[in-house]
2 protein chains.
Amino acid sequence: MPHTPDHRPAQAVPPPRIGIIGFGAMGAAMARNLQARHYAVSVRDIRPEAQAEAQACGMAVAASPAELAAGVDVLAVVVVNAAQIADVLYGTPDCPGVRAGSRPGQTVLLCSTIAPDDTIGFAQGLEAAGVVVIDAPISGGPARALSGAMSMMLAGPPAALQALEGLLADLAQNRFHLGAKTGDAAKAKLVNNLLAGINLAAGAEALALGMRLGLAPQTIFDIVTASSGNSWIFQDRMARAIAEDFAPRAAAPVLTKDLGLAVALAATVQAATPLGAVAHARFQDTVAGGWAALDDAAILKTYLSSPTEHAKVST
Amino acid sequence: MPHTPDHRPAQAVPPPRIGIIGFGAMGAAMARNLQARHYAVSVRDIRPEAQAEAQACGMAVAASPAELAAGVDVLAVVVVNAAQIADVLYGTPDCPGVRAGSRPGQTVLLCSTIAPDDTIGFAQGLEAAGVVVIDAPISGGPARALSGAMSMMLAGPPAALQALEGLLADLAQNRFHLGAKTGDAAKAKLVNNLLAGINLAAGAEALALGMRLGLAPQTIFDIVTASSGNSWIFQDRMARAIAEDFAPRAAAPVLTKDLGLAVALAATVQAATPLGAVAHARFQDTVAGGWAALDDAAILKTYLSSPTEHAKVST
């Protein structure tokens with residue numbers, strides 16, 4: 001239900017003008033949620049078709065991250081990875097970045113799942129311009145982002161977090177405060193995604209085993225979801241896999257990237273992640289196997305397609 | 001609420017007399033549940049203190065599996081592993097087994113988690129005596145067993161399953177029928193427990209990573225349980241681990257055994273279980289590390305105790 005942004009006197013202080021960079025599944029849902037709550041929302045996406053879609057929703061669009069930054073109070077960066085964040089913050093030869101259009105006092109929310117050291121680096125990169133970075137990875141999928149019911153992990157300067165509490169509450173019903181150390185929210189997000197990735201690969205491994213043993217996939221699904229083997233991601237993704245519905249809600253490369261980041265992060269503190277390493281390899285197999293454009297539920301295919309079966313097909 | 005066993009005319013046919021072999025956490029809960037539903041329940045356990053406990057509950061006890069078998073209609077075997085099942089079915093030098101006291105028409109429910117080939121072997125071993133074996137592994141823990149709300153996977157001769165439907169419904173609210181092939185329920189149980197074991201090891205791996213990264217365990221728990229990394233066993237066991245409550249509800253060797261069985265079963269059908277193999281190794285580390293008497297939540301200790309930390313302690 002659209003309503004005036006929470007936690008602010010209705011007329012006294014106008015709500016912050018919001019710029020969303022990255023109008024993908026999550027960014028678009030966040031933009032629409034804020035628009036429905038009567039925020040002024042502007043959008044920047046490198047893809048012309050995404051900008052057209054934003055305009056069709058009645059949102060302003062900008063020709064560059066710099067132009068977007070010049071016209072808003074708060075920016076949320078919802079792109080895929082650290083390389084894309086560097087491009088939108090620092091600019092590319094033909095497209096000036098946030099830093100070129102920003103002014104002191106602005107805040108940038110980094111919502112992507114990236115390495116904590118990259119988050120810290122981006123915070124330092126904008127510091128000289130007087131721009132505050134908040135480490136703000138998100139979770140829950142587009143449907144929950146659209147209703148403001150998603151989760152957000154938060155770390156950064158307490159004053160900046162306090163000032164944006166109303167906006168953050170409108171964006172994410174479930175907010176987890178990790179403290180003042182930028183990067184700690186990124187760490188927490190990678191810990192969660194490490195687990196999601198292992199649980200998904202494990203779900204595929206167990207379902208594939210059951211199928212090879214001659215059991216019906218739906219029976220296995222019914223048993224597991226009522227038993228000790230259940231996980232959130234097994235129930236979600238293996239339902240899709242059994243229905244052979246591989247339209248990408250979360251494409252396979254995303255968790256592949258996150259598992260790689262989590263395993264690399266673990267190495268920096270000498271933590272053992274043997275399951276993470278194996279799950280990462282299975283995700284890499286899924287992407288390398290030609291299923292990069294599919295939903296990550298397609299990891300089941302990696303388990304069902306043994307070298308023996310491939311050999312049978314090709315001879 | 002105690003009541004007359006379901007699905008039977010109240011006076012016409014007396015409910016079957018039940019013998020429970022193995023008065024451990026699950027067996028005792030099942031016996032108490034049936035007693036509360038007015039079944040005549042007799043018990044056999046190799047441990048005198050367990051027999052004394054059953055007697056204190058008003059149940060009859062038997063001096064041997066053979067004596068128990070002679071006085072009941074249906075036997076449920078709820079011991080730990082296949083070696084114990086062989087002992088109670090075939091007897092030991094000083095204690096005659098079920099086969100020595102059985103009569104044609106009796107039914108034996110095998111409720112332990114064992115290899116499907118062992119289930120098939122036991123069915124053949126009792127066939128000559130006219131005793132029908134039902135492959136009936138259970139899940140859900142003692143609390144649900146006590147109220148009859150546990151799960152049971154079922155495979156075996158359809159006529160025998162049909163004849164016992166009332167008893168099975170009283171034992172286990174959730175019944176999953178795998179068909180007539182003895183061993184298929186054992187397969188399904190191992191598929192579930194493979195997944196439970198991997199998910200538990202993964203939960204410990206992720207929680208330990210978060211802790212080593214300097215995040216508060218309870219914060220990680222709150223984030224994961226609200227996010228895509230959640231699993232039934234993470235929520236259950238890591239809550240115990242964070243509270244440092246390692247009193248064994250499910251001792252570490254049990255899932256260690258199940259993971260070993262699942263990985264070995266996978267090898268018989270050339271299914272890949274790389275995550276299962278790693279999880280099995282972590283469980284073996286937990287047992288070998290001196291935590292065999294603890295709850296399987298203690299697998300977290302395996303991840304927290306690095307060789308480096310051990311070296312620090314010993315020098």
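## Domains, dimer interface and strand pairing in a predicted model

The centres of domain 1 of chain A and domain 2 of chain A, taken over C-alpha atoms, lie 28 Å apart. The assignment for chain A places domain 1 at 18-181 and domain 2 at 188-304; such bounds come from an automatic or database domain assignment. Each side supplies 10 residues to the contact between domain 1 of chain A and domain 2 of chain A, two residues being in contact if their C-beta atoms, placed from the backbone, lie within 7 Å. On domain 1 of chain A, the side that touches domain 2 of chain A has 6 nonpolar, 4 polar and no charged residues. Here Ala, Val, Leu, Ile, Met, Phe, Trp, Tyr, Cys and Pro count as nonpolar, Asp, Glu, Lys and Arg as charged, and the others, Gly among them, as polar.

This is a predicted model, in which local features need pLDDT of at least 70 and side-chain atom pairs count only at pLDDT 80 or more, while totals for chains, interfaces and linings use all residues. Residues are numbered from 1 along each chain as its sequence is written, and chains are lettered from A and ligands numbered from 1 in the order in which they are written.

Between the chains, 55 residues of chain A are in contact with 54 residues of chain B. Elements that each supply at least two residues to the chain A side include β8 (151-155), β9 (174-179), α11 (217-225) and α14 (274-291). The largest share, 20 residues, comes from α10(A). Helices (H or I, at least four residues) and strands (E, at least two) are DSSP runs, numbered from the N terminus. By class, the side of chain A that touches chain B has 31 nonpolar, 19 polar and 5 charged residues.

| Strand pair | Sense | Bridges |
|---|---|---|
| β5(A) (107-110) and β6(A) | parallel | 4 bridges |
| β7(B) (138-139) and β8(B) | antiparallel | 2 bridges |
| β8(B) and β9(B) (174-179) | parallel | 5 bridges |

In chain A, A:L110 stands opposite A:D135 in β6(A). The chain passes from β5(A) through helix α6 (residues 116-127) to β6(A) in a right-handed β-α-β crossover; that is, with the strands pointing away from the viewer, the path from the first strand over the helix to the second runs clockwise. Strand β6(A) (residues 132-135) is covered on both faces, with A:V132 and A:I134 buried on one side and A:V133 and A:D135 buried on the other. A residue is buried if 20 or more other C-beta atoms lie within 10 Å of its own, exposed if 12 or fewer, and partly exposed in between, with C-beta atoms placed from the backbone.

In chain B, 5 of the 5 residues of strand β8 (residues 151-155) are buried, so the strand is largely enclosed by the rest of the structure. B:S151 is the bridge partner of B:S139, and B:A155 stands opposite B:G179 in β9(B).

Technical notes:
Two strands pair if DSSP finds at least two bridges between them.
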